[in-house]
Amino acid sequence: MTAVLQARGLGKKYGKRWALSDCTLDVPAGRVVGLVGPNGAGKTTLLSLAAGQLTPTEGEITVVGGRPANGREQLAKVGFVAQDTPTYARLTIAEHLRLGARLNPRWDDELARDRIARLGLDLRQRAGRLSGGQRAQLALTLGLAKRPELLILDEPVAALDPLARREFLQGLMEAVAEHSFSVILSSHLVSDLERVCDHLVVLAASRVQVAGDVDDLIASHHRLSGPRRDA
Ligand code: ATP
């Protein structure tokens, strides 16, 4: 198995408190991987370490074969759509695309423009005037146009209504089918992830509880919970 993310005894401490502890993981490449866990489980911490936005307190992490944030080339391989305000309210969609093109060496402007047109959005529109679902789609488009090897999305659908959630996840699946890249996305809810992910990592109380292919996890859950009464 080629791993897109490897962690060995990875930990992050804020003050005296471990936000992530003793995390050892191999996340397979070329897959859509879900990171699920309740509030405060350590999801954002793990994803921020992977994106090179935080440095570990202990242990090691490699992402797409290198240390996160180790130079411009390595950073360009990883797209990170953060949980809070990944777009700028006062900038138009066109200005977001221009900024993306300036900052990202692998920027695919055609992909970005095609996707904006398909979404029925107007390039002159300011991000602040978009609905929550449209802003999430803009953030996804900006992440995709970086043409990363790994796209990391931190709770991208948490604030969206059910229809916008479905549309966002559908758009993500279409993009994965069209361009080949690995994805890690997080959510509080397994129900958001089970339809789109083929591998799951369950995080709780700062630790990885279980990780594996969705089908295997469901099969072992059924084994552990015994035969169904209606079987
Ligand atoms: P949520 O689903 O609420 O976003 P999460 O699973 O993403 O939660 P983290 O944001 O990684 O969890 O937080 C893990 C723990 O670390 C929590 O207890 C949180 O309060 C704490 N924490 C996170 N960031 C900081 C920080 N900058 N300073 C101090 N503590 C922090």
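## Helix H3

In this predicted model, the face of helix H3 turned away from its buried side carries Arg98, Arg102 and Leu103, which are exposed (over 50% relative accessible area, 1.4 Å probe, protein chains only). Helices here are DSSP runs of H or I with at least four residues, numbered from the N terminus.

H3 spans residues 93–103, and Ile93, Ala94, His96, Leu97 and Gly100 in this helix are buried, meaning under 20% relative accessible area; partly exposed lies in between. Viewed down the axis of H3, these buried residues fall within an arc of 160°, so they line one face of the helix. The arc is taken from the directions that run from the helix axis to the C-beta atoms. The buried residues of H3 pack against helix H4 (109–118) and helix H5 (132–145), with contact meaning heavy atoms within 4.5 Å.

## Strand S3

Strands are DSSP runs of E with at least two residues. In strand S3 (residues 32–36), five of five residues are buried. Val32, Gly34 and Val36 lie on one side, Val33 and Leu35 on the other, and both faces are covered.

## Neighbours of S3

Two strands pair if DSSP finds at least two bridges between them. S3 runs parallel to strand S7 (residues 182–187), joined by five bridges, and Val32 stands opposite Val183 in S7. S3 also runs parallel to strand S8 (residues 199–204), with four bridges between them; there, Val33 has His199 as its bridge partner.

## Basis of the values

Residues are numbered from 1 along each chain as its sequence is written, and side-chain values use heavy atoms, leaving out hydrogens and water. Because the model is predicted, local features need pLDDT of at least 70 and side-chain atom pairs count only at pLDDT 80 or more, while totals for chains, interfaces and linings use all residues.
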